[in-house]
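Subject: Structure for you to look at

Hello,

Here is the structure I said I would pass on. Please open it beside this message, and my notes come after it.

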Amino acid sequence: MQNPKARASLLASLLLAVGALSGINPPTASAAPDPVAVTVNARAGLATVPDTALGVNHAIWDQHLGSAETSDLLRGAGVQMMRYPGGSYADIYHWKDHTAPGGYVAPGTDFDTFMAAVRRAGAQPMIIANYGTGSPAEAADWVRYANVTKGYGAKYWTVGNENYGNGHYGAAWEADDHPDKSATQYARLVVEYADAMKAVDPSIKVGAVLTMPGNWPDGITAGSDPGPWNQTVLSLAGPKIDFVDVHWYPGGTAAESLARTSHIPDATHLLREQLTRYAGPNAARIGISFTELNVDAGRTTQPAALFLADAYSALLENGVFTAHWWNVHNGIGTVSEVAGQTDYGDFGMLSSGACTEDGSVCEPPLNTAFAPYHGLTMMKRFAQPGDQFVRAGTDQPLVTAHAVRRGDGDLAVLLVNKDPDTAHPVTIGYAGFIPSAGAPTVSTLANGATGIATGQSGSATSRKLPPYSLTTLVLRPAGSTAGRPSAPGQPTASGVTDRTATISWPAAAPGASPIAKYEVYRQNGAISEQLGETAATSFTVGNLVPGTRYTVNVLARDTAGRVSWSSPPLTFTTGSPSASACTVRFTTNSDWGNGYIGGVEIINNGTSPINGWTLTWTWPTGWQQVSSGWSATWEQVGAAVRVTPTDDNRQIAAGGSVSAGFVGAYSGPNVLPTAFTLNGTVCTTA
């Protein structure tokens, strides 16, 4: 993100253009809503909360960056990581003389002042090395100064900021002095940066910029690059980097941006698929950071707070190691009213005390907390380092739920009511956890509130959520958790076919009694489905569905019936049959960021001709569709696609094939199908 004095609205308009086909129509609230059913499943473990989870951006145009008041406010909100020197300014900033040619640098924002602010807040830094107008040598000198001369121990360093915005795809907001602005050149130089920086301090972690799946310019191949930005960068720089850095501005109305948090599980899944496919050996070591997040509507009011808490939670439960709000102070923008509150259009979570150019409207006094600050504070109360996220879900799209279990046996549940007008009653059911009868500790951030209200009230199983609110419940367990086995270690999958997979895991440590068996569960939404049990530390699962993504956990049960917390999650996808009467080759070409030219080729592997055929598949998400097609009759109902022949390609000769094409559209992460059925037979996928 560029600074407010120079920033054009180009990025926002591009993101809105990408989202224009979203078709999101958030459900409207009924006058008397039925209770929302919330399910919290402590058997379905997700990622563990890291000590870098909660982040924010600092910028060198913010003269209050280093103030004690600002740092103390950030400490109070639980900030664990602070990014510097601020969005697109990173690619014009020279740390040695503290200049940014072409931009404004406020006094009191140099690197040492930033590091003092980081330390006062009790956080870690994430530093952006200047790619656009800098050099590997300049970045290496910065590492030397930070970690050798000053002993700051700055661990995380990203090479550049939004470098796909350098004109390579036609839009140019990011400074880039290199004659070659391709993804290939960026990747080659990332390698040089990483080598130079790690030669100074081998302990640092170096990150490369990627695009958000489903957002411009994801999927687009430009110039002579071998593939889209992410593929090109990972293929060349993957072995040298330690993490990837992604930004996400979902765009749209408040309702649309709040609905689009549902994209996060598939976006992170696609990022990991790209890492596995392109980044070389041991790609699992590469972390994922989301270092810029914000909304278009309601930036200083409740929509931003709801989005922050919902998005941070979803990112962290899917294994992202840090999420950062854009930013601490930014400046007044277009003033409007959102859900009865004045919204100043300010990207900052703390007021800069600024006024509009004509002086007609002024923000509250400097460092007054806006709604996203309170949303971040709620995250501090909800998810603490070492907690393990567990699966939670609801039956109402306007209400979302997240949960963590804590080492002391407590369970915390975060409930997000995205309905601006209606209070929703909820009933909460628990699996793998029995709450005590006592009243839970309840924290609530209501629309327009100037802080979080906390007390003990009600029960663990029912609650009424105010309109546009965040609510966190902290629950004590009904009985003692002492004596239970430890959780099994990280499972792995081997021998994955279309129908089977072997799951293996490190043994759990016994508690008060010997371990009797291990139980393997599949996460099916917020419900766990037991796949089997064994006394060993591996289990072969059968009867799986081809082309399906599975997330599983392992639990240990001892001879006294005590059950451990769940293992970390394992996600794998089944393939297609190794041999079948048919083969399908699914292709995508000419991707333009929210659509592409698709094709299917159907090959008859049998010894007899096929007279008449029906090909079916199901899109993995609800935001993918066939817009039009040719050489066949194309139908889509929900996520199910049905393709039937025209008069001239009804027959597929033995050993022969037919082809048909379509225009595909997507408004979120484009997870491609991998299972196809021809006349009821599952085909091999080429």
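The notes below are about the disulfides. Please keep in mind that this is a predicted model.

With sulfur atoms within 2.5 Å counted as a disulfide, the count comes to two. Counting the bonded cysteines along the chain, the pattern is 1-2, 3-4.

The link between cysteine 355 and cysteine 362 has its sulfur atoms 1.9 Å apart. The angle about its S-S bond is 100°, and the link of cysteine 355 and cysteine 362 is right-handed. Cysteine 355 has 35%, so it counts as partly exposed. Cysteine 362 is partly exposed as well, at 36%.

The other link joins cysteine 582 and cysteine 683, with 2.0 Å between the sulfur atoms. Its torsion about the S-S bond is about -95°, so this disulfide is left-handed. Where do the two cysteines sit along the chain? Cysteine 582 is in strand S27, which covers residues 582–589. Cysteine 683 is in the loop between strand S37 (681–682) and strand S38 (684–685). The pair therefore ties together parts that are 101 residues apart in sequence.

Are cysteine 582 and cysteine 683 buried or exposed? Buried means under 20% relative accessible area. Cysteine 582 has 2%, so it is buried, and cysteine 683 is buried too, at 0%.

Regards

Definitions and conventions:
Residues numbered from 1 in each chain as written. Predicted model: local features only at pLDDT ≥ 70, side-chain atom pairs only at ≥ 80, totals over all residues. Heavy atoms only, no water. Buried < 20%, exposed > 50% of the residue type's maximum accessible area, 1.4 Å probe, protein only. Helix = DSSP H or I, 4+ residues; strand = E, 2+ residues; numbered from the N terminus.
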